[in-house]
Amino acid sequence: MPTPSMEDYIEQIYLLIENKGYARVSDIAEALAVHPSSVTKMVQKLDRDSYLVYEKYRGLILTKKGEKIGKRLVERHDLLENFLRLIGVKEENIYEDVEGIEHHLSWNSIDRIGDLVQFFEENEERLAELKLMQIKNEEVIDKEPI
Ligand SMILES: [Mn+2]
């Protein structure tokens, strides 16, 4: 299993290849806000663990294993964004919060959150009830003396 840091790299590499067709060390460094030398080190480790193949002057490609995991990691990130958005988390908090939690949930929890998102998407009246309850809760908080 990849560590949280390895997951971040595989996820970003997968996204870069999907969006641009390739992933350069400099692009990965920028996306993760880290030094290019850290990227080179990690890319070499990911190569050793057969998530990708890295050749200094030819760039890198994900292996079947790397691609499969990359796809799952990107889907997990998207699911968690959808989940937080659905339950009413403010847009400004969503990305950072997902980055903070995505590596720390079991796939079991991810799947059950997926069910919950599906449940609310298929039952809009339940979602409306949740929103109504949230409005009431916010009103209670506003009225509470500090
Ligand atoms: Mn992410």
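Mentor: What follows sets computed values against the definitions that give each label.

Mentor: This is a predicted model, in which local features need pLDDT of at least 70 and side-chain atom pairs count only at pLDDT 80 or more, while totals for chains, interfaces and linings use all residues. Residues are numbered from 1 along each chain as its sequence is written, and side-chain values use heavy atoms, with hydrogens and water left out.

Trainee: What makes the arrangement around the manganese ion irregular?

Mentor: Donors are N, O and S atoms within 2.8 Å of the metal (3.2 Å for Na, K and Ca), and since water is not among the atoms, sites may look incomplete. Here the protein donors are Glu11 (OE), Glu11 (OE), His77 (ND1), Glu99 (OE), Glu102 (OE) and Glu102 (OE), at 2.2 to 2.8 Å from the manganese ion. Six donors count as octahedral if opposite donors are over 155 degrees apart and all others between 65 and 115; four count as square planar by that same test, or as tetrahedral if all angles lie between 85 and 135 degrees, and anything else is irregular. The six donor atoms subtend angles of 49 to 143°, so the arrangement is irregular.

Trainee: How do you know that Glu11 is buried or exposed?

Mentor: Buried means under 20% relative accessible area, exposed over 50%, and partly exposed in between, with a 1.4 Å probe and protein chains only. Glu11 has a relative accessible area of 3% and is therefore buried, and His77, at 5%, is buried too.

Trainee: Why is the pair of Phe119 and Phe120 called edge-to-face?

Mentor: Rings of Phe, Tyr and Trp (its six-membered ring) pair if their centres lie within 6.5 Å, with planes under 30 degrees apart counted as stacked, over 60 as edge-to-face and the rest as tilted. By this rule the count comes to one aromatic pair. Its rings, Phe119 and Phe120, lie 5.5 Å apart centre to centre with 75° between the planes, and the pair is edge-to-face. Phe119, with a relative accessible area of 38%, is partly exposed, whereas Phe120, at 12%, is buried.

Trainee: What makes Lys65 a charge over the ring of Tyr51?

Mentor: The label requires NZ of Lys or CZ of Arg within 6 Å of the ring centre and within 35 degrees of the ring normal. The charged end of Lys65 sits over the ring of Tyr51 at 4.3 Å from its centre, and Arg72 lies over the face of Trp107, 3.9 Å from the ring centre.
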